[in-house]
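Have a look at the model first.

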Amino acid sequence: MATDQPQVTFIGTATTLLRLGGFTLLTDPNFLHRGQRAYLGKGLWSKRSTDPALGIPELPALDAVVLSHLHGDHFDRVARRGLDHDLPIVTTPQAERKLRRWGFRAAEGLPTWRSYELHQGDETLRLTALPGQHGPGVLDRLLPDVMGTLVDLERVGHREFRLYITGDTLRRPQLAQIPQRFPDIDAMLIHLGGTRIAGILLTMDARQGADVVELIRPKLTVPIHYDDYPVFRSPLRHFVEEAKRRGFIRQVRTIHRGETVPLTP
């Protein structure tokens with residue numbers, strides 16, 4: 001059922017339900033519970049500190065999954081076992097190859113700037129892969145490829161809403177191309193947390209996140225991915241304090257697990 005305004009429900013980590021027009025999307029499905037371990041690759045594990053607000057059986061009918069990258073805190077063994085294997089999963093080409101080996105036949109890997117469309121009546125939802133980089137320098141080669149996603153909702157060819165989901169990226173020079181190519185971003189779901197492993201920053205902390213808000217200049221920013229695992233070292237309050245200091249706190253909307261909020265200012 002179409003909603004009057006775009007909405008997001010926060011499930012936990014980077015897992016959200018997006019209701020955009022008549023479409024429902026699931027992002028980065030992480031349904032492990034508190035105390036269960038997520039595999040981060042290269043022999044590294046992290047134990048979840050929180051519970052998801054919903055389980056897979058409680059999800060509404062989905063049109064697609066948006067997966068920024070294939071890490072155990074973004075696509076876990078619960079999702080692998082419980083999600084419909086015919087559901088489209090829009091992700092990186094690298095993740096597509098593994099998902100198809102796991103039986104997810106509709107996985108669609110998008111090179112950067114490439115788009116995938118969903119259609120429903122007079123509505124189109126266009127998902128466009130955007131640049132992202134999970135690690136600094138050559139270390140990034142040891143981590144899964146990551147993408148941001150631009151989500152455009154159109155009715156009869158007219159754009160109604162534009163959302164940017166950052167994915168697990170650091171602030172990198174290539175992000176400057178996003179506002180150049182796609183101005184007028186209505187809302188941004190920003191992955192924060194300041195993830196550190198062996199002292200190395202792998203996701204945006206408060207300062208990098210604030211830099212990206214100032215770069216993208218969305219009308220609304222909703223922070224997610226900030227307190228679910230011990231490797232997340234930059235709490236939400238640090239980002240809120242940085243937003244106050246820089247003067248854009250009125251464009252930030254915080255969200256609790258299980259809460260649904262509009263994606264419009």
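What follows takes those topics one at a time.

This is a predicted model, so local features need pLDDT of at least 70 and side-chain atom pairs count only at pLDDT 80 or more, while totals for chains, interfaces and linings use all residues. Residues are numbered from 1 along each chain as its sequence is written, and side-chain values use heavy atoms, with hydrogens and water left out.

**Two buried side chains**

Arg-48 sits in the loop between strand S5 (44-47) and strand S6 (64-66); helices (H or I, at least four residues) and strands (E, at least two) are DSSP runs, numbered from the N terminus. Thr-203 is in the loop between strand S15 (200-201) and helix H4 (206-216). Buried means under 20% relative accessible area, exposed over 50% and partly exposed in between (1.4 Å probe, protein chains only). Arg-48 counts as buried because its relative accessible area is 2%, and Thr-203 is buried at 1%.

Their polar contacts are tabulated here. A polar contact is a pair of N or O atoms within 3.5 Å; within protein, one must be able to donate a hydrogen and the other to accept it, and residues adjacent in sequence count only if both atoms are side-chain atoms.

| Side chain | Partner | Distance |
|---|---|---|
| Arg-48 | Asp-228 side chain | 3.5 Å |
| Thr-203 | Thr-195 side chain | 2.8 Å |

Contact means heavy atoms within 4.5 Å. Leaving aside neighbours within four places in sequence, Arg-48 is in contact with residues including Phe-31, His-33, Asp-228 and Tyr-229. On the same terms, Thr-203 touches, among others, His-134, Asp-168 and His-225.

**The largest pocket**

The largest pocket holds about 830 Å³ of space. Among its 39 lining residues, Tyr-39, Leu-40, Gly-41, Leu-70 and His-71 are the closest to its centre. A pocket here is an open set of points on a 1 Å grid over the protein atoms alone, where a 1.4 Å probe fits, with protein on both sides within 12 Å along at least five of seven lines; lining residues have an atom within 4 Å of a point. Helix H2 (93-101) gives the largest share of the lining, 5 residues.

**Helix H5**

Which residues of helix H5 (residues 236-246) are buried? They are Leu-236, Phe-239, Val-240, Glu-242 and Ala-243. Seen down the axis of H5, these fall within an arc of 160°, so they line one face of the helix; the arc is that of the directions from the helix axis to the C-beta atoms. They pack against H4 and strand S16 (220-224). The face turned away from the buried side carries the exposed Arg-237, Lys-244 and Arg-245.

Note on methods
Points joined across faces, edges and corners; volume = space filled by probe spheres on them.
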